[in-house]
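Me: I have a structure to study and some questions about how its parts meet. Can we go through them one by one?

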Amino acid sequence: MTSMTIDKAGPSRKARIGSMSRDRKWAMRWSYVFLTLFAIFFLFPPIYMFITSLKTSAEISAATNPWWVYNPTLSNYTELLTSNQFLTFFRNSALVSIFVVIITMLISIPAAFALARMRFWGSTTLATGVFLTYLIPDTLLFIPLFKMFATFAQWTGIELINHWWVLIFVYPTLTVPFCTWIMIGYFASIPKELDEAAIVDGASWTQTLLRIFVPVALPGIIAATIFAFTVSWAQFLYPLAFTSSVDQQVLPTGIITTLIKGDVFNWGQIMTGALLGAAPPLIIYAFLMDYYISGLTAGATKG
Amino acid sequence: MVDAAQPTIRPARARTTRSGLRKFLERKSTIAFFMALPLMLLIAIMVIYPAFYSVHLATLNKSMQRFVGFGNFMFLFKRETFWMVVQQSCFFAITAVIFKALIGFVVAHLVHNIPDKGQRKWRGMLLVPWVIPPAMSTLAWLWLFDPSYSAFNWILAHVGIGPIAWTGDAGWARFSVILVNIWAGAPFFLIMYLAALKSVPEQLYEAAAIDGANWWQRIWYVTLPMMRNIIAITTLFSLIVTFANFDIVRILTAGGPLDKTHLFATWAFRIGIEGNDIPLGASISLFMVPILAVAAVFILRDINKRGNEA
């Protein structure tokens, strides 16, 4: 198409294309300049975390150049990684996230399969409902949930508040709707012939799901798993509202409640803890960036 | 779930006595229902019930023993702090979303401009704020804004600008929470817009270039109409999330100074959980519902439209 129009336009057009490519080159140079500026804006807080994490308390309170480390030390890291308290937070966070991922997958994969492939009474309404649930924020639900758990303890004597494992029951409300929603999208994109062939060959619906849909939609499942893990790892409001004892806290609340004591801020350790807390999602992101991004964009583009 | 589906493997050997039940269990819709049952239970018990329960809670008095009707709402309407929170929530959400969308749009174009093989690297770097848990990154900002050791003020002092009370002064505190929210949220827009840009057919730009369109006309007449749906959905999503934000304000200012930076969520937490007034806290958080509902209706409309186009 392009070549045809160039032929028609003759030599004058050629000159313009030459100037356009020069414009392009300049546009590209400016793009790099501005991209660098934006990259600095987006990256300096984590870099500053890293710089501070290498400093001793003495160096921080001496108020030397905050953007430079004169006596780098790993003492903050060794101190935190050998402190039982911090390791408890880490363990709680890891256990909660892993259980939440498992529960989320067990609930959302069969449900997405049923909603994408097997119509039943009210299935379209349910699909819309799942999406709407995803739009209900945690900030709307934490007060009624808090009261519900208190009432539950009165009725059954099982205390849910102030136990880290209560988060395993709460977090799926954040992860399941979104994961189901993106899995519906992934399952719907699988050609119908594939499961029809399986059913004709005598496979049951469960077999179709496990032997065909799960392997074919594996990229989607990985994206959903990453999403569920990141959300559970990062959640801050629910642990803040539902747990208070030090040994029951997860990382985000643990760092804030134990490392910040009154007016004494041990910034070296706080930054180290925050960086270590941010490490698992960052590592996953570094290795599985494409899955991470596909999960992010699938939520709004697959419908 | 697995049990319900099991009989279909050997349908021929159905016993005559239990064939009715078995037929029912073998039906496709029955199996599907059981597969979706855990999802329905979860949504019903942990989302729908609490949502309605919070409406009920909002009509009780502080000790939750007496029905007061709209008493809590009337009480809120008379309080100055409430109107401040309404104002601040709207200002916070709208300003932050506009800037996130603008930055996302510009940076998406910049990334789209450079050669394909470099794009991955840049995209990877620019998305980092979105990956770090907000509670952790806000701590870094809190430290950057520290009253006595602020790294910003250190830089500003070198160009002769006096120390700024980033989280101490009401105006600056409002600016700070919005800035951090933009920093954390812009990468989401970037990635959505970049995906949308990639889906615009190259021929459209070629056709526009042949017609002599300049870069502004190309954006206005080609890019924006093609991206309209994604822009609308992303903005509405972000509006919901920003409006309901908790982490950033809670950690950065905890609502202060003098409740000037409270959002509905942080104020509801302060009153409901920390102040032990669950009904009043529930009433405050319920004020988020109208805006969320409007945004949700529009999102749903756009998503259905997309579905029909496909």
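Me: This is a predicted model. Which side chain meets B:Arg120 in a salt bridge?
Reply: Side chains of opposite charge can pair when their charged atoms come close. Here the N to O distance is 2.8 Å. The cut-off for a salt bridge is 4 Å, so this pair qualifies. The partner of B:Arg120 is A:Asp290.

Me: Where do B:Arg120 and A:Asp290 lie, and what does the pair join?
Reply: B:Arg120 lies in helix H6 of chain B, residues 116-126. A:Asp290 lies in helix H16 of chain A, residues 289-301. One residue comes from each chain, so the pair joins two chains.

Me: How many salt bridges does the structure hold over all chains?
Reply: Across the interface of chain B and chain A, the rule finds two. The pair of A:Asp290 and B:Arg120 is a salt bridge between these chains. Over all chains, the number is five.

Me: What area is buried between chain B and chain A?
Reply: The contact takes 102 residues from chain B and 104 residues from chain A. B:Met35, B:Met136 and B:Trp143 supply 8% of the area that chain B buries there, more than any other three residues. Carbon and sulfur atoms give 83% of the buried area between the chains. That area is about 9100 Å².

Me: How many charged residues are in the contact of H6(A) with H3(B)?
Reply: A:Leu126, A:Val130 and A:Thr133 meet residues of H3(B), including B:Leu39 and B:Ile43. By class, seven residues are nonpolar and one is polar. The number of charged residues is none.

Me: Is H10(B) roughly parallel or roughly antiparallel to H12(B)?
Reply: H10(B) covers residues 170-198, and H12(B) covers residues 215-243. Their axes come within 10 Å and cross at roughly 150°. Angles over 145 degrees count as roughly antiparallel. H10(B) is therefore roughly antiparallel to H12(B).

Me: How many polar residues are in the contact of H10(B) with H12(B)?
Reply: H10(B) gives residues such as B:Phe188 and B:Asn181, and H12(B) gives others, among them B:Ile230 and B:Thr234. Nine residues are nonpolar and no residues are charged. The polar residues number six.

Terms used. Residues numbered from 1 in each chain as written. Chains lettered and ligands numbered in written order. Predicted model: local features only at pLDDT ≥ 70, side-chain atom pairs only at ≥ 80, totals over all residues. Heavy atoms only, no water. Axes fitted to C-alpha atoms, helices over the stretch in contact; angles between N-to-C directions. Helix = DSSP H or I, 4+ residues; strand = E, 2+ residues; numbered from the N terminus. Parallel < 35°, antiparallel > 145°, perpendicular 65-115°, else oblique. Contact = heavy atoms within 4.5 Å. Nonpolar A, V, L, I, M, F, W, Y, C, P; charged D, E, K, R; others polar. Buried area = accessible area lost by both parts, 1.4 Å probe.
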